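Student: I have just opened this entry and would like a guided walk through it. Could we go step by step?
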Amino acid sequence: MTIAFFMLAQTSVAFFAPASSGATFRASRPRQPSSALSLLGLPDVPVDPKDADLVAGFIIVACAKTPYILEPLDPFKILTNKFVDTFTNDEEGKKAEIGYKTRLAALGVAITALAFYEVYFVEETNAATILRDSYVIWALYYTECTRVLRDLATRQPPVYASDNRSFSQALHLIVSLVLWLDVSDLYSGHAITNAIKELFKLSEYGGGGGGGV
């Protein structure tokens, strides 16, 4: 099995590596948009690497997943009881845990496939665009997790074992909503941010009137 994977990897490298003429495989492809997801109808908006929404997306994902990373270092199970999803110790619970692992594996493959596609098939991509597009996959992942968690928590008997089912559902819902807001702002040319700024400007003008004597 290991030899087969190694041979497959070697073949893939040879296929995508630069040819002897100096032309790369990607350069020989027809001109593509600067974002893979624009092929699905999303706006092909240029991304500034210094965009604050890119930082916000990373912070959202990091905050959402850090409790799972720290769980083995949590002897008192504080994070487990509050932030980490746990399932019942029965057949249904085992199925739910397998489903969780499947979704997590699909997330990793989807993000890697997206990055691979943009590197080799999208002519004018950059790291900022790939990072932005990966947040769409994260938003889809958390939306699905929110749906599944709701289903597991409302079954009779519940498959979700923790006592804080409402808290966990609310947390997943908040992460999903904030991710979609961040993605929407990135793809809309900061329509949400600009609308909020305009709202603050209007409030400043409305409250700026003074009462001179």
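This is a predicted model: local features need pLDDT of at least 70, side-chain atom pairs count only at pLDDT 80 or more; totals for chains, interfaces and linings use all residues.

Student: What do the side chains of Arg132 and Asp133 form?

Tutor: They form a salt bridge, with the closest N and O atoms 3.3 Å apart.

Student: How many salt bridges are there by this rule?

Tutor: The count comes to six. Among them is the one between Lys95 and Glu92, where the closest N and O atoms are 3.8 Å apart.

Student: Where do Lys95 and Glu92 sit relative to one another?

Tutor: Both belong to helix H4, and because they are three residues apart there, about one helical turn separates them. Glu92 counts as partly exposed, since its relative accessibility is 35%.

Student: Which residue does Arg155 meet in a salt bridge?

Tutor: The partner of Arg155 is Asp151, at 2.8 Å from N to O. Salt bridges with shared partners also join Glu92, Lys95, Asp151 and Arg155 into one network.

Student: Are Arg155 and Asp151 buried, exposed or partly exposed?

Tutor: Arg155 has a relative accessibility of 31%, so Arg155 counts as partly exposed. Asp151 has a value of 32%, so Asp151 is partly exposed as well.

Student: Let me step back. What is the secondary structure of the chain?

Tutor: The chain has seven helices and zero strands. Read from the N terminus, the order of elements is α-α-α-α-α-α-α.

Student: And how much of the chain counts as buried?

Tutor: Of its 213 residues, 32% count as buried. The chain exposes about 13,700 Å², and carbon and sulfur atoms supply 67% of that area.

Student: What share of the contacts comes from residues 24 or more positions apart?

Tutor: Such residues account for 72% of the contacts in the chain with a separation of 6 or more.

Student: New topic: aromatic rings. How many aromatic pairs does the structure hold?

Tutor: It holds six. One of them is Tyr68 with Tyr100, a stacked pair with 6.2 Å from centre to centre and 20° between the planes. This pair links distant parts of the chain: Tyr68 is in helix H2 (residues 52-70) and Tyr100 is in helix H4, 32 residues apart.

Student: Why do Tyr68 and Tyr100 count as buried?

Tutor: The cut-off for buried is under 20% relative accessible area. Tyr68 counts as buried because its relative accessibility is 18%, and Tyr100 does so because its relative accessible area is 17%.

Student: What can you say about Trp138 and Tyr142?

Tutor: Trp138 and Tyr142 form a stacked aromatic pair, with 6.4 Å from centre to centre and 25° between the planes. Both lie in helix H5 (residues 127-154), four residues apart, which is about one turn of the helix. Trp138 is buried at a relative accessible area of 14%, and Tyr142 is buried at 4%.

Student: Which residues form an aromatic cluster there?

Tutor: Trp138, Tyr141 and Tyr142 form one aromatic cluster.

Student: What does Lys65 touch?

Tutor: Leaving aside residues up to four places away in sequence, Lys65 touches Tyr100, Leu104, Trp138, Tyr141 and Tyr142. Lys65 is found in helix H2, and with 13% relative accessibility Lys65 counts as buried.

Student: Now Arg103. Where does it lie?

Tutor: Arg103 lies in helix H4 (residues 91-121). Not counting residues up to four places away in sequence, Arg103 touches Ala96, Tyr141, Glu144, Cys145 and Val148.

Student: Glu144 is on that list. Why is there no salt bridge for Arg103?

Tutor: A salt bridge requires a side-chain nitrogen of Lys or Arg within 4 Å of a carboxyl oxygen of Asp or Glu. Arg103 is buried, but Glu144, the nearest side chain of opposite charge, is 5.3 Å away, so Arg103 has no salt bridge.

Student: You mentioned Cys145 among the contacts of Arg103. How many disulfides does the structure hold?

Tutor: The structure holds zero disulfides.

Student: Are Cys145 and Cys63 buried or exposed?

Tutor: Cys145 is buried, with a relative accessible area of 7%. Cys63, by contrast, counts as exposed because its relative accessibility is 55%.

Technical notes:
Residues are numbered from 1 along each chain as its sequence is written. Side-chain values use heavy atoms; hydrogens and water are left out. Helices (H or I, at least four residues) and strands (E, at least two) are DSSP runs, numbered from the N terminus. Buried means under 20% relative accessible area, exposed over 50%, partly exposed in between (1.4 Å probe, protein chains only). Contact means heavy atoms within 4.5 Å. Accessible areas come from the Shrake-Rupley method with a 1.4 Å probe; for residues, only the protein chains shown count as cover. Lys and Arg count as positive and Asp and Glu as negative; His and the chain ends are not counted. A disulfide is a pair of cysteine sulfur atoms within 2.5 Å. Rings of Phe, Tyr and Trp (its six-membered ring) pair if their centres lie within 6.5 Å; planes under 30 degrees apart count as stacked, over 60 as edge-to-face and the rest as tilted.
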